[in-house]
2 protein chains.
Amino acid sequence: MAKVDTSLVAHLPLFAGVKPEDLEEVLREARSARYPKNTAIFEQGADAQSFFLLLHGHVRAAKTTPTGEQIVVRYVAPGETFGLAMAIGAAHYPATAMAVDDSVVLIWPVSAWPRLIERFPAIAANTMQTVGKRLQESHTRILEMSTQQVEQRVAHALLRLAKQSGKKLDHGIEIDFPISRQDIAQMTGTTLHTVSRILSGWESQGLVESGRQRIILRDPHGIVVLAERNPDSGAA
Amino acid sequence: MAKVDTSLVAHLPLFAGVKPEDLEEVLREARSARYPKNTAIFEQGADAQSFFLLLHGHVRAAKTTPTGEQIVVRYVAPGETFGLAMAIGAAHYPATAMAVDDSVVLIWPVSAWPRLIERFPAIAANTMQTVGKRLQESHTRILEMSTQQVEQRVAHALLRLAKQSGKKLDHGIEIDFPISRQDIAQMTGTTLHTVSRILSGWESQGLVESGRQRIILRDPHGIVVLAERNPDSGAA
DNA sequence: CAGGGTGTTTGCGATAGCGCAAAACGGGCC
DNA sequence: GGCCCGTTTTGCGCTATCGCAAACACCCTG
């Protein structure tokens, strides 16, 4: 297993406030692993034995209901942590993590957590902020699901994905990992059919360009307008 | 301002792992205050200058959209903390807190937080768990909003309220604070009209008894059945 | 005890979005 | 180069739920 260069991760929010010379000690406790596209990293309900930092690739965290329905909790971008169950006192992972692209992660055993935060309180503080931010994002999502129609929610979801994982092209912004209509439906609380109809519509208006598991925002500003427009103020 | 007896709060999750003799020191940094029914404790967007522990009463945390729509983030029960913005690194309160009943709270200035968690790391850990639990509850709520119909969501919401703040009566469980149909609508992502219709239906089936800002679950088990039933498996 | 105001109930029409089904598409694999 | 499979598109009918409006009920106040 190749050693991870501290300079590659020193700037990450997780390590803010950790002295560079200490960082090596933190990394020594971790191992790295590669997960090919479409492999599970951990399963919902499994014992939370590790926590993770994504170095390369993209990971989808999804939650499944007893009846088999799924929602996408979030997409993890490089530099973000995931599988923090133990930090919040959960013994089992509350969701399933799947690599949607070939991905490389750092893995710490949960047993290292108490020692880490004792030696490096900044890590605990940073994690607290991360969890807090996710809580606020969740609330935003609930707010949107409560007050907006599907089209607006899809617009917001795409804009967030573009911001988090967008690759700038000269003719727009491309979501930088494979994502299906079904995935977007599971992020916005609708069906793949409705998402497909919406994207088709947008495509014919030149707002997006899309294909199999691929979406390019051709007119991000136009989508912002859609996202923010009051539903009953629109033209016919 | 009356001194708060440590024995009244020693058992709260927030103080788990804090030695009783240290508790007094923690409480010395707080002041207590009383908020009459229907007064705001803090407003969304205001500077987060304090964090709170509810001693008596009930508090509603609600978030408002730019266009004036509201959702209820949660109801705070006695013993719970709220207004933790600063713990998660937010400079402003992300929601408005309003006493829905005459309420008594302990108030710490945010400036006390760094000192507190340094001297009593258990408090930081407990807060982390609290925030983590709320995050999971948010995800559950998103899951429900994505996959269940309104009637089931209302059922779940009432069951949660009953669990958190239910008063046992011989003929059922009463939600122990004033709550309107509108409030329930804002918890479940629907309209007060739909909630009213649902409750009327349940009332005629003997599942609940309700009135002005008052709800009694007469048949909690029956409501559990509703909450869990697969929508398309029900009888007429 | 009457008045006013907030919360609740209910009817009715409108519709966004679902659900099902089938066809078209695309692309990788052999 | 053809085949197979997962993804996407699209049509069509259906209905859960909204939105508006009006009538009510209840409580607190004066």
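Into which domains is chain A divided? Chain A comprises domain 1 (6-144) and domain 2 (148-233), with bounds that come from an automatic or database domain assignment. The model is predicted: local features need pLDDT of at least 70, side-chain atom pairs count only at pLDDT 80 or more, and totals for chains, interfaces and linings use all residues. Residues are numbered from 1 along each chain as its sequence is written, while chains are lettered from A and ligands numbered from 1 in the order in which they are written.

Taken over C-alpha atoms, the centres of domain 1 of chain A and domain 2 of chain A are separated by 26 Å. Their contact takes 10 residues from domain 1 of chain A and 11 residues from domain 2 of chain A; two residues are in contact if their C-beta atoms, placed from the backbone, lie within 7 Å. On the side of domain 1 of chain A that touches domain 2 of chain A, β5(A) gives the most, with 4 residues.

The strand β5(A) also belongs to an open sheet of 4 strands, in the order β2-β7-β4-β5 (chain A), with antiparallel pairing. Strands (E, at least two residues) and helices (H or I, at least four) are DSSP runs, numbered from the N terminus, and two strands pair if DSSP finds at least two bridges between them. Because β2 (40-42) and β5 (70-76) of chain A stand at the edges, each with a single partner strand, one side of each is left without a neighbour in the sheet.

Strand β4 (residues 59-64) of chain A is joined to β5(A) by 6 bridges, the two running antiparallel. Within β5(A), Ile71(A) is the bridge partner of Lys63(A).
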